[in-house]
Structure formats: C-alpha cells, structure tokens
Amino acid sequence: MTDDGTGLMTIGELARTTGLTVRTIRYWSDEGALPPHARSAGGYRLYDAASVARLELIRTLRELGLGLDAVRRVLAGETTVAQVAAAHVSALDAQIAALRVTRAVLSTVARRGSTAEETTLMNKLARLSTTERRRIIEDFMAEVFAGIDTADPDIRTRLRFAAADLPDDPTAEQVDAWVELAELIQDPEFRVTMRRMIEFNAADRGPDVPAGSSLWFMSRLVRLAGDALREGVAPDSPRAAGIVRTLIGDADPAVVLERLTAVANVRLARYRELSAIVNGLEPPSAHEDQFRWVVAALSARKAG
C-alpha cells in the first residue's frame, strides 16, 4: 500500500494482491469496469479495498465467459448476475449445438474421405439455421402437394415427419443422412417423383375414404404377399390371381401396377431410409420381395 496513510494501492500493488497482471487490470480499468478510487499527485491510479472485491467479481465473470459490456452492466446495477448468467447459458447452448454439428460434420468427412467440394457442401447444409432448414422442408411440402386436396391426409402428416429437421445433438450418421436428404428433397426430379405418387393417391381416393387407408392398403399388400411367398405361391398361378382379386377388388391391374411402380421407386425408398436415420429410428423395411411378388402377379393378370 502507499505510505501516505490512505490505505490505497497502486495498480502494481493491486496486481500483487490479486495475482492478476498489471496489463489486465489496466485494460479493465481503461474499459470502465474498474475505475480507480483516486489518483496520486503524479496522476497514477489508486485503488481501495472495495476495488479488490470488484476486481475479484470481474475476474469471476470473465472466467465464466461474460464480455466486458455485460460485466459493466452488472457492476452498474443495470442487470443482475442471474439475468446475465441466464442469457449466457442460452448463448452457450447455441454455441454447443453448433460445435456438435461441426464435430459431426468433421467425423463424417473423416469417415467418408470427402473431397474439399463435398466437405464444403456438407458443412453448408449441416450448419444451416433451424429456420433455413425448415424453409427447405416447407418449400418441398408446398411444391409436392400444391393443388392436391384429395390426397390422404395421413400421407401429408407422415411426409412432414419424414422430412425431419436435424436434431440439436446429431450423430455423424445423422448429419450424413440429413445432408443427403436435403439434397434429395431439393432435387426437381425427385419432387416430380414424389408428387406423382401423391397424385396417384389422390386419384384413387374417394370422398368418403377415411384417413390412413393408404397405409392400410400397403400393410395388407405386405401381409398377403408375405403369406404367398412363405407358401410358395407362383405369381402366375390361379391362386395368385385370387390373392390379387382379394387385394385390389375390381380395380384395373394395369392401373394398380402403375401405382405400385411409383411407390416402389428406389429414390423414394432411399428417402424413407434417410428420414428414419435423421429421426433416430430403425430404417424401415422396403418389403422388396413382397412388392416384387405383387408386381409379378399383377403383370401376369394384366397379360392374361
């Protein structure tokens, strides 16, 4: 302390007392967070015991990551430590989420051995804001359903769930799947394919058909075809013709065959697989054997 009996400290003495450097204390003082209590006759800064306590609080808040502007507001009584801490937690959560995405992108790049161009694209797509990612999904939904009011509402619900947003804490596999999914749903050709499937559904659906009937039909197809496969029923046999009649009734086999071909599209199957990964679910079975059997049975009936 100075020897003038005031009990005040020079900046050097304050540094020795607190363990901070003179340079740091001077910077905080210059920024207005630690104004000197007084100045000596020679113009040097002097600090009192209250300055020591203030300095300790500044150090604590800075170590917690708060900026000097927030520190000054706390010290001036314009806000509380609790309020600043809450705001800082929100900011840290956003940073953590961004770092998790970055980590997942880098893991994916390392695993795939991506080129510089692929890495840039992956990072761009994965780091889109939540709003931007949702805009991609909404744009996709709007285009494939535009003007189609009679499609099964269950399809819209399931499609919106399938076009999932990237979770806050994604795995490398989810980032990889989201990047591919985002590329897929922005592809004009894929949108045409998806819209064609929805148009088929709308054309087949009467005004009094309850929601979820499309899913019911597919479940029934898988069950009947699965039974036929297990029992060794040949697709071109009379028994197969009876199974087809049970499945489609009086509908034209050629029309149903066209619809099933649209639904069984390879890219649609990939879309469902990617959606399951992003949503953290087990990839759904494509039921390829069952679809092939029904397609073969319908083809045989159409030819006959």
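**Exercise 1: the whole chain**

The protein chain of this predicted model exposes about 17,100 Å², and carbon and sulfur atoms supply 54% of that area. Work out how the chain is built: how many helices and strands does the secondary structure come to?

*Solution.* Start with the elements: there are 15 helices and three strands. Next, look at burial: 37% of the 304 residues count as buried. Finally, turn to the contacts. Taking those between residues at least 6 apart in sequence, 66% join residues at least 24 apart.

**Exercise 2: one side of a helix**

Take helix α12, residues 238-248, and find out which of its residues are buried.

*Solution.* Go along the helix and pick out Ala-240, Ile-243, Val-244, Leu-247 and Ile-248, which are buried. Now check their directions around the axis: these residues lie on the same side of α12, because the arc they cover is only 115°. Then step just past the end of α12, where Gly-249 has a positive phi of about 65°.

**Exercise 3: a tyrosine in a loop**

Is Tyr-44 buried or exposed? Describe its surroundings too.

*Solution.* First, locate the residue: Tyr-44 sits in the loop between β2 (38-39) and β3 (45-47). Second, compare its relative accessible area of 61% with the cut-off for exposed, which is over 50%. Tyr-44 is therefore exposed. Third, list its contacts: leaving out residues up to four places away in sequence, Tyr-44 touches Ala-38 and Arg-39.

Notes:
Residues are numbered from 1 along each chain as its sequence is written. This is a predicted model: local features need pLDDT of at least 70, side-chain atom pairs count only at pLDDT 80 or more; totals for chains, interfaces and linings use all residues. Side-chain values use heavy atoms; hydrogens and water are left out. Buried means under 20% relative accessible area, exposed over 50%, partly exposed in between (1.4 Å probe, protein chains only). Helices (H or I, at least four residues) and strands (E, at least two) are DSSP runs, numbered from the N terminus. The arc is that of the directions from the helix axis to the C-beta atoms. Contact means heavy atoms within 4.5 Å. Accessible areas come from the Shrake-Rupley method with a 1.4 Å probe; for residues, only the protein chains shown count as cover.
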